[in-house]
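Here is a friendly walk through one protein model, with an eye on its charged and aromatic side chains. Have the structure open as you read.

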Amino acid sequence: SRIYHKLYRNNLCRGEWKNKRRPILINNWEATYFDFDEEKLIVGVIYSDKEVFEKAMKMLTDAFGETDGVCEEFSFSEEFSNYYDEELGGEGMRRIYSFKKTVDASRQAEIKELTNEFERILSVDGNRKINLDPGFINHGRLMLATTKEAGFRIPLADGIYTELTLFYARGGWHKLPWTYRDYQSERVQKFITEVRAEYLKQRKE
């Protein structure tokens, strides 16, 4: 290969850089030209007080537009964990909403910070009265944004992380060792399958 390099340099190369050390060319056209595809936004809600829930939904729809789907409500406390009950002040009820308008996937940290602010506004004496967890669905995966650091989570910005919660392959959702138990359930996976189908439909329109 050295013989070929010498042949080209001495006989084919032209210009002032023929026998000089060449400057580095950084090829970044892909990074500056392409944007992330938009994805389907979902928000998981755990609440006990119906009035707080209604206020939170008004904040969410004001920020992200109308919803176009909701997972059947269930008791998070009874089916999975009573972890939130003391702070919420009662039994934690679970709903998951999808939003009609798709969002840029690069906004994960920004959206999580906003839902954190909604939680703070609705808190009482420093206790959260609602839990809001945004997620992002495309054709092949579900990502969840969080403030909790872990080895399998990817830092985004300002203390916000994201994790791959489920991936879609061979016609179904597949869990990972850290996937939350409710996202492993048949009820929730049925819902996010419907959200995925709506997302694919929107992409074709």
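## Arg128 and its surroundings

Let's begin with a polar contact: the side chain of Arg128 meets the side chain of Asn131 at 2.6 Å. Please keep in mind throughout that this is a predicted model. Arg128 sits in the loop between H6 and strand S6, which covers 130-137.

Looking beyond the neighbours within four places in sequence, you will find Arg128 in contact with Tyr84, Glu87, Leu88, Glu119 and Ser123. Along the chain, Arg128 and Asn116 are 12 residues apart, and their C-alpha atoms are separated by 9.9 Å.

## Leu88 in helix H5

One of the contacts of Arg128 is Leu88, a residue of helix H5 (residues 85-88). Leu88 counts as buried, at 7% relative accessibility. With neighbours within four places in sequence set aside, the contacts of Leu88 are Ile46, Tyr47, Ser48, Arg128, Lys129 and Ile130.

Leu88 can also be placed relative to Val124: the two are 36 residues apart in sequence, and their C-alpha atoms are 9.5 Å apart in space.

## Helix H6

Helix H6 has 14 residues. From its first C-alpha to its last it reaches 20 Å, close to the 20 Å expected at 1.5 Å a residue. Which residues of H6 are buried? They are Gln108, Ala109, Ile111, Lys112, Thr115, Asn116, Phe118 and Glu119.

H6 (residues 108-121) also holds both Arg120 and Glu117, which are three residues apart and so separated by about one helical turn. These two form a salt bridge, with the closest N and O atoms 3.0 Å apart. Glu117 is partly exposed, at 35% relative accessibility.

## Salt bridges across the chain

Side chains of opposite charge can pair when their charged atoms come close. How many salt bridges does the structure hold? There are 16. Among them is the bridge between Arg141 and Glu39, whose closest N and O atoms are 2.7 Å apart. Arg141 belongs to strand S7 (residues 141-146) and Glu39 to strand S1 (residues 38-47), so this pair ties together parts that are 102 residues apart in sequence. The two partners can be told apart by accessibility: Arg141 is partly exposed at 25%, whereas Glu39 is buried at 4%.

Another bridge joins Glu73 and Arg95, with 2.8 Å between the closest N and O atoms. This pair links distant parts of the chain, 22 residues apart: Glu73 is in the loop between strand S2 (67-70) and strand S3 (74-75), while Arg95 is in strand S4 (residues 93-99). Glu73 is partly exposed, with a relative accessible area of 33%, and Arg95 is buried, with 18%.

## Arg94 in strand S4

Arg94 is also found in strand S4. Arg94 is buried, with a relative accessible area of 4%. What does the side chain of Arg94 make a polar contact with? The partner is the side chain of Asp182, at 2.8 Å.

Leaving out neighbours within four places in sequence, the contacts of Arg94 include Gly44, Val45 and Ile46. Glu72, Glu73, Phe74 and Phe76 are also in contact with Arg94, as are Asp182 and Tyr183.

## Aromatic side chains

Across the whole structure, a search finds nine aromatic pairs. In one of them, the ring centres of Phe76 and Tyr84 are 5.9 Å apart and the planes lie at 55 degrees, so the pair is tilted. Both partners are buried: Phe76 has 10% relative accessibility, and Tyr84 has a relative accessible area of 14%. Phe76 and Tyr84 also belong to one aromatic cluster with Phe74, Phe80 and Tyr83.

Tyr168 and Trp173 make an edge-to-face pair, with 5.0 Å from centre to centre and 75 degrees between the planes. Trp173 is buried, at a relative accessible area of 10%.

Key. Residues numbered from 1 in each chain as written. Predicted model: local features only at pLDDT ≥ 70, side-chain atom pairs only at ≥ 80, totals over all residues. Heavy atoms only, no water. Salt bridge = Lys/Arg side-chain N within 4 Å of Asp/Glu carboxyl O. Helix = DSSP H or I, 4+ residues; strand = E, 2+ residues; numbered from the N terminus. Buried < 20%, exposed > 50% of the residue type's maximum accessible area, 1.4 Å probe, protein only. Polar contact = N/O pair within 3.5 Å; in protein donor to acceptor, adjacent residues only side chain to side chain. Contact = heavy atoms within 4.5 Å. Phe/Tyr/Trp six-rings, centres within 6.5 Å; stacked < 30°, edge-to-face > 60°. Expected span 1.5 Å × (residues − 1).
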